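Look at the sequence and structure first, then read the points below.

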Amino acid sequence: METITRTKIVEVLKSKAFGTTVNVKGWVRTRRGNKNVNFIALNDGSTINNVQIVVEMEKFGEDFLKPITTDACISVNGVLVESQGKGQTVEIQATEIEIYGEADPATYPLQKKGHSLEFLREIAHLRPRTNTFGAVFRIRHHMAMAIHRFFHERGFFYFHTPIITASDCEGAGQMFQVTTMNLYDLKKDENGSILYDNDFFGRQASLTVSGQLEGELAAMALGAIYTFGPTFRAENSNTPRHLAEFWMIEPEVAFYEIEDNMQLAEDFIKYCVQWALDNCMEDIQFLNDMFDKELIERLNFVLKQNFIRLAYTDGIRILEEAVANGRKFEFPIFWGADLASEHERYLVEEHFKCPVILTDYPKEIKSFYMKQNEDGKTVRAMDVLFPKIGEIIGGSQREENLEKLSRRADEMGVPQKDIWWYLDTRRFGTAPHSGFGLGFERLLLFVTGMANIRDVIPFPRTPRNAEF
Ligand code: 4AD
Ligand code: MG
């Protein structure tokens, strides 16, 4: 076969160089046709759109084409021509075809008929080859780009916080332990406690649940930083919104009060949504048509809204009124209760019909590091609640007073000896500051309209599932 530099299909489809010979490589979506001519829809992942390859049967022969079935990989040389068929502007009249890899339909699990998302999760190693997951993973890339651009444009520094840590930032006891000890032969002291002296780090260590504590150290020096990395939580919640391994973006800003923090969160999400509409429209349109007819409408809607800002106490009042008027919830609602997703979505989807930033939660249901309000009961927390998702962002102004912070750490059972370095920021040059965490996959749920968080991360980790 003649060597011609490969052109990506996304470029070929835009080309007007009719009459020139091009090379494309990709995976076959479908092959159909008759005794005279076959049409191959070829996709190389660069775009959701396929290029049509026109194959004269006389030239290639039936036998040659037989192995060109769904997801066989081929390389095609051919002449770019203006397409006669509707729905496409160019096609390629094949002159030479090389088969790189067959995909025997007798054993290949993906066929051109639609498969359920549940089935595709069982073949997560192959699902990127479907239109749906191609679209989702291209959008995932673009959202990561948008996030870096947003912060870079505003002078935030990308700061890398450790994955392995000895402190539980959220204090919720949901950490995965990291050890090189022989679990069949654990050394214990006379009280039966495990001796970590001989473990790799000489102490108990875990995978991080959040980069915030180290992020705060950086904000107290660089002024404004963000993290963007994997986080791990051993919460046994098998819901469509929880993963054991998820990616989180955590900005942290010196001299920000909670109002600044809320504005940053709102601007940030809107920037990401706008970026998706500007850069991923073909993929979004596909997902809109396939799964969620209101997706594009919802994305545009959020851009137009000023997010409602509401104190937790007022939110509870609204929910209690709803219950009094006959609205049923699965979980009880009262001042002091943590909101369930159903409550968050009631506020957003039914009551306000707008994203809501809920603030000033009871201190008992929030982490030790949040700034304490004068009332002694609430803390300066802020959760951003979104349609279809519930909580998409959690954050707060931080307690910058050493004494108050230490007392709260004690009350909540966070050992000061584990976070002495964190407390040092309050000992030396402390400052008001704030930050938040955006769950990357929750943002992707919103932007793609997918209903299950397992379908917006390539290889989901959930209870009893770490395949691939
Ligand atoms: O509300 P969270 O627990 O807040 C923190 O971790 C803070 N340290 C953030 C900060 O202030 N720097 O988590 C933040 C966000 C949630 O709003 C949610 O979007 C996402 O992370 N999240 C999860 N996403 C997927 N699966 C899980 N198990 C998640 N837990 C939290
Ligand atoms: Mg939270």
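A nitrogen atom of ligand 1 lies 3.4 Å from a backbone N or O atom of F436, within the limit for a polar contact (a pair of N or O atoms within 3.5 Å). On its own ligand 1 exposes 630 Å², and the protein buries 93% of that; accessible areas come from the Shrake-Rupley method with a 1.4 Å probe. The model is predicted: local features need pLDDT of at least 70 and side-chain atom pairs count only at pLDDT 80 or more, while totals for chains, interfaces and linings use all residues. Residues are numbered from 1 along each chain as its sequence is written, chains are lettered from A and ligands numbered from 1 in the order in which they are written, and side-chain values use heavy atoms, with hydrogens and water left out.

**Side-chain contacts of ligand 1**

- The side chain of E391 has an N or O atom 2.6 Å from an oxygen atom of ligand 1.
- For R233, a side-chain N or O atom is 2.8 Å from an oxygen atom of ligand 1.

**The shell around ligand 1**

- Ligand 1 is surrounded by 24 residues, the closest being E170, Q212, E235, E250 and E391; a residue is near if one of its heavy atoms lies within 4 Å.
- By class, the shell has 8 nonpolar, 8 polar and 8 charged residues.
- β11 (245–254), β15 (390–397) and β16 (433–439) each give at least two residues to the shell; strands are DSSP runs (E, at least two residues).
- β15 supplies the largest share of the shell, 5 residues.

**The largest pocket**

- Ligand 1 takes up the space of the largest pocket; a pocket is an open set of points on a 1 Å grid over the protein atoms alone, where a 1.4 Å probe fits, with protein on both sides within 12 Å along at least five of seven lines.
- This pocket has a volume of about 1200 Å³.
- Among the 45 residues that line the largest pocket, R233, E235, H242, K366 and E391 are the closest to its centre; lining residues have an atom within 4 Å of a point.
- The lining divides into 18 nonpolar, 14 polar and 13 charged residues.
- β15 gives the largest share of the lining, 6 residues.

Terms used. Polar contact = N/O pair within 3.5 Å; in protein donor to acceptor, adjacent residues only side chain to side chain. Sits in = over half its atoms within 2 Å of the grid points. Helix = DSSP H or I, 4+ residues; strand = E, 2+ residues; numbered from the N terminus. Nonpolar A, V, L, I, M, F, W, Y, C, P; charged D, E, K, R; others polar. Points joined across faces, edges and corners; volume = space filled by probe spheres on them.
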